[in-house]
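Thanks for coming. I will take a few minutes to walk through one structure.

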Amino acid sequence: MGHVHSAGHEPRPGTDATARSVPGQGKIVLERDEIGRALTRIAHEIIERTRGAEQVVLLGIPTRGVPLAGRLAAGIQQVEGHPIPHGSLDITMYRDDLRLRPARTLRRTRVPPDGIDGKIVVLVDDVLYSGRTVRAALDALNDLGRPRAVQLAVLVDRGHRELPIRPDYVGKNLPTSQQELVRVLLTEVDGEDAVLLGTAAGAETTGGRQR
Amino acid sequence: MNRHLISAADLSRDDALLVLDTADELARISDRPIKKLPTLRGRTVVNLFFEDSTRTRISFEAAAKRLSADVINFSAKGSSVAKGESLKDTALTLEAMGADAVVIRHNASGAPHRLAEWVHGSVINAGDGAHEHPTQALLDAFTIRRRFGRSSGSGTGNGGGTGSGSATGNGTGRGGRGAALDGLRVTIVGDILHSRVARSNVILLHTLGAEVLLIAPPTLLPVAVDTWPCSIDYDLDAALPKSDVVMMLRVQQERMNAAYFPSVREYSRRYGLDAARMAQLPERTIVMHPGPMNRGVEIAAGVADSPRSTVVEQVANGVSVRMAVLYLLLGGAEDDQ
């Protein structure tokens with residue numbers, strides 16, 4: 001609570017003037033420029049709330065949180081003029097649903113050389129859904145050190161939380177039904193930038209990661 | 001992956017690469033102040049050792065503990081086995097205790113295979129007779145891959161973590177993943193006959209694309225070795241200059257009731273790796289030994305302690321590889337039977 005985001009609160013993605021769809025993948029709810037603007041705004045909010053982002057470490061949650069963290073770091077550096085340490089935090093071994101699926105491939109955890117002790121860690125992910133990924137990330141952080149504070153930045157908040165977790169920085173609030181599927185595409189991973197909203201027909205592809 | 005790991009042949013090329021990639025990530029955890037992961041909390045791993053072992057048992061124990069599993073160590077000495085309990089009865093006892101995985105070392109080839117029919121959990125072969133020792137082969141492959149810069153952990157020089165940079169990584173499928181051992185020439189020297197390490201290594205290294213050459217006195221080659229996916233020769237000196245990896249095997253004196261060679265000195269002169277032979281090796285070549293070493297027999301002390309030797313590395317890598325195996329066999333959902 002406490003944060004009103006200009007980009008949020010559209011009644012329904014379908015009413016977006018820009019709405020167009022990609023066959024088989026769903027409707028585009030955020031275009032490349034909108035993603036860029038949302039990240040710029042989040043970068044500024046981080047600077048504002050952390051008084052210049054001096055102590056900030058950005059940790060992206062693989063896969064797509066990692067390039068997002070990199071972009072936020074670049075955005076903050078552009079304004080503040082000093083480099084922002086950033087890295088990645090794999091949460092696979094800390095998940096609460098490991099025994100529901102075959103063993104998953106591990107991803108890279110890369111913590112900046114100065115570590116996270118006493119720092120303000122901003123976790124970065126593409127979609128916030130049940131909150132279980134973030135819970136796992138908090139556990140993973142616990143084993144890496146003791147930050148002064150932990151904050152959460154997400155590109156899309158699609159609701160349906162199952163744990164008492166809220167984001168500090170949101171690119172877009174996207175009201176969804178649980179049957180829908182939110183896909184974030186990023187140039188670094190997918191070759192283009194877009195946020196798509198589709199039906200769960202192809203649910204096995206991606207975006208279901210948040211479950 | 002299979003539910004059990006009994007033979008190196010249980011692993012497809014993709015399975016083997018998955019284990020090695022997973023081990024790469026897990027190896028990074030050993031650099032952290034807190035080396036423990038909660039992943040296998042509430043799972044029970046039984047170390048069932050019917051044969052003496054230091055490094056393998058400790059390695060499995062450390063691996064399971066780092067993943068937060070409960071570990072029960074069971075050695076044949078001082079147990080009911082000494083009173084004549086059969087393997088099957090022991091297995092049923094373990095089953096009743098709810099073991100999720102059984103790590104077994106046994107002096108009879110095939111014991112893990114039999115055990116897998118009796119217990120519900122995963123069975124991991126930690127060495128059975130002269131048959132196989134698949135996790136040793138995996139840690140050897142892991143060590144080779146690291147030394148030759150083919151692992152996912154190597155060559156990522158993007159300092160402060162330009163995280164996205166690795167996403168386009170090296171070739172094989174998903175970005176940032178390690179490569180196989182294609183084209184590397186591995187020479188395995190010594191007592192092939194009694195060596196489960198050799199058999200598992202031949203299978204696994206072949207799966208990963210390496211060319212394996214066995215060098216041994218004819219008396220220390222097993223029957224039907226010509227059906228193995230490797231070549232065979234008797235001349236160590238000819239093989240050395242074209243080897244990327246030289247793996248020396250222990251002369252297993254405890255298994256040699258019959259005389260397989262005239263004298264230890266003669267064996268050492270023809271098949272031991274000493275300083276003079278090491279000088280013939282190309283600069284890139286590494287020297288491996290699964291341990292425990294007979295210094296002065298198959299390997300000279302100076303060679304074992306040289307920077308080319310990976311003996312100590314192999315032990316450290318063993319923990320990471322065994323963590324990967326335990327995680328991949330136990331970490332996910334159980335397969336339906």
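First, the conventions. This is a predicted model, in which local features need pLDDT of at least 70 and side-chain atom pairs count only at pLDDT 80 or more, while totals for chains, interfaces and linings use all residues. Residues are numbered from 1 along each chain as its sequence is written, and chains are lettered from A and ligands numbered from 1 in the order in which they are written.

Now the domains of chain B. Domain 1 covers 8-133 + 316-330, and domain 2 covers 135-151 + 180-310; such bounds come from an automatic or database domain assignment. Taken over C-alpha atoms, the centres of the two domains of chain B are 25 Å apart. In the contact between them, 25 residues of domain 1 of chain B meet 22 residues of domain 2 of chain B. Two residues are in contact here if their C-beta atoms, placed from the backbone, lie within 7 Å.

Which elements supply at least two residues each to the side of domain 1 of chain B that touches domain 2? They are helix H1 (13-29), strand E4 (122-128) and helix H11 (311-330) of chain B. Helices (H or I, at least four residues) and strands (E, at least two) are DSSP runs, numbered from the N terminus. H1(B) gives the most to that side of domain 1, with 7 residues. By class, that side has 13 nonpolar, 6 polar and 6 charged residues. For the classes, Ala, Val, Leu, Ile, Met, Phe, Trp, Tyr, Cys and Pro count as nonpolar, Asp, Glu, Lys and Arg as charged, and the others, Gly among them, as polar.

H11(B) also packs on helix H5 (residues 134-147) of chain B, at an angle of about 115° and with the axes 8 Å apart. Axes are lines fitted to C-alpha atoms, for helices over the stretch in contact, and angles run from 0 to 180 degrees between N-to-C directions. Residues of H5(B) in this contact include Leu138(B), Leu139(B) and Phe142(B), and those of H11(B) include Val321(B), Arg322(B) and Val325(B). The contact of H5(B) with H11(B) counts 5 nonpolar, 5 polar and 3 charged residues.

Next, the sheets of chain B. One is an open sheet of 4 strands, in the order E2-E1-E3-E4, with parallel pairing. Two strands pair if DSSP finds at least two bridges between them. Strand E2 (70-75) and E4 of chain B are at the edges with a single partner strand each, so one side of each has no neighbour in the sheet. On average, neighbouring strands of this sheet are turned by 15° against each other, direction ignored. Strand E1 (residues 44-49) of chain B runs parallel to E2(B), and 6 bridges join them. Val45(B) has Val71(B) in E2(B) as its bridge partner.

The other open sheet has 5 strands in the order E7-E6-E5-E8-E9 of chain B, again with parallel pairing. Its edges are strand E7 (231-233) and strand E9 (286-288) of chain B, each with a single partner strand, so one side of each is without a neighbour in the sheet. Here neighbouring strands are turned by 20° against each other on average, direction ignored. Strand E5 (residues 185-189) of chain B pairs in the parallel sense with strand E8 (residues 245-248) of chain B over 4 bridges. Val189(B) is opposite Met248(B) in E8(B).

One backbone detail in chain B: the peptide bond from Gly291(B) to Pro292(B) is cis, with omega near -10°. Pro292(B) is in the loop between E9 and helix H10 (301-304) of chain B.

Over to chain A. Strand E5 (residues 120-128) and strand E6 (residues 149-157) of chain A run parallel, joined by 8 bridges. Val127(A) has Val156(A) in E6(A) as its bridge partner. Val156(A) also stands opposite Lys172(A) in E7(A).

Chain A has a cis peptide bond from Pro62(A) to Thr63(A), with omega near 5°. Thr63(A) is in the loop between strand E3 (56-60) and H2 of chain A.

Finally, how do the chains meet? The contact takes 28 residues from chain A and 22 residues from chain B. H2(A) gives the largest share of the chain A side, 4 residues. The chain A side divides into 14 nonpolar, 7 polar and 7 charged residues.
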